[in-house]
Amino acid sequence: MVMSTEPAQLQFSPDEINDLLSLINYYPTTTSTTTTLSSDTNRPVYSLEERKHRRMISNRESARRSRLRKKRHLEKLVTEMNRLKCENRELKERLCLATYQSHVVMVETDLLRSEYFNLKTRLLNLYPSLMSMQL
């Protein structure tokens with residue numbers, strides 16, 4: 001088994017990098033917490049306690065950002081829900097109006113159909129009389 005002597009590459013998101021940088025600026029390092037400088041990267045090497053503390057603060061910030069994202073998402077969903085409720089109400093009103101207008105047209109159609117049959121019946125009754133007059 002071959003062991004690599006290269007340090008493991010960590011992948012951080014831009015937000016995580018900003019958080020870590022803000023932590024460095026927020027908690028300036030002192031010589032008591034810094035053990036030595038790493039010769040490869042000129043970065044200070046922190047004690048286990050200091051790393052735990054930094055990680056805890058980073059996790060808190062990450063959780064805070066997560067809660068804010070969740071809150072914004074919920075607000076967007078509530079806004080969308082209210083918009084859809086209004087749209088639904090408007091569509092129901094339009095459907096109700098269209099249903100009423102359809103009912104009115106059906107009633108008028110029935111009246112016209114009835115009038116048509118009455119006139120047709122009268123005309124058929126008058127037809128023999130008209131025929132006899134022409135003779």
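This is a guided tour of one protein model, stop by stop.

**Before selecting anything**

The model is predicted: local features need pLDDT of at least 70, side-chain atom pairs count only at pLDDT 80 or more, and totals for chains, interfaces and linings use all residues. Residues are numbered from 1 along each chain as its sequence is written, and side-chain values use heavy atoms, with hydrogens and water left out.

**The whole chain**

Display the entire protein. It contains two helices and two strands, arranged along the sequence in the pattern α-β-β-α. Helices (H or I, at least four residues) and strands (E, at least two) are DSSP runs, numbered from the N terminus. Of the 135 residues, 6% count as buried; buried means under 20% relative accessible area, exposed over 50%, and partly exposed in between (1.4 Å probe, protein chains only). The accessible surface comes to about 12,800 Å², and 60% of that belongs to carbon and sulfur atoms. Accessible areas come from the Shrake-Rupley method with a 1.4 Å probe; for residues, only the protein chains shown count as cover.

**Colour by confidence**

Next, colour the model by pLDDT, the predictor's confidence in each residue, from 0 to 100. The average for the protein is 84, and 79% of the residues score at least 70. Where is confidence lowest, and where is it highest? The lowest mean, 51, belongs to strand β1 (residues 34-37), and the highest, 95, to helix α2 (residues 48-134). Select residues 30-35 as well: pLDDT stays under 50 there, and the model has 10 contacts beyond four places in sequence for them. A contact means heavy atoms within 4.5 Å.

Select Phe-12, Ile-17, Leu-21 and Ile-24, which form a nonpolar patch on the surface with about 340 Å² of accessible area together. Patches are made of residues with over 30% relative accessible area and no salt bridge; like charges are joined within 9 Å, and nonpolar side chains (Val, Leu, Ile, Met, Phe, Trp, Tyr) within 5 Å. Ile-24 lies in helix α1 (residues 14-26) and, at 38% relative accessibility, is partly exposed.

**Along helix α2**

Move to Ser-58, in helix α2. Is this residue buried or exposed? Ser-58 is buried, with a relative accessible area of 8%. Leaving aside residues up to four places away in sequence, Ser-58 touches Leu-20 and Leu-23.

Now look for salt bridges, each a side-chain nitrogen of Lys or Arg within 4 Å of a carboxyl oxygen of Asp or Glu. The structure holds five salt bridges. Select Arg-54 and Glu-50: their side chains meet in a salt bridge (3.1 Å, N to O). These two residues are four apart in helix α2, so about one helical turn separates them. Both Arg-54 and Glu-50 are buried.

Further along, select Glu-80 and Arg-83, whose side chains meet in a salt bridge at 2.8 Å, N to O. Glu-80 is partly exposed at 35%, and Arg-83 is partly exposed at 43%. Salt bridges that share partners join Glu-80, Arg-83 and Glu-87 into one network.

**Last stop: the cysteines**

Finally, select Cys-86 and Cys-96. Cys-86 is partly exposed at 34% relative accessibility, whereas Cys-96 is exposed at 54%. How many disulfides (pairs of cysteine sulfur atoms within 2.5 Å) does the count give? The count comes to zero disulfides.

Terms used:
Disulfide = S-S within 2.5 Å.
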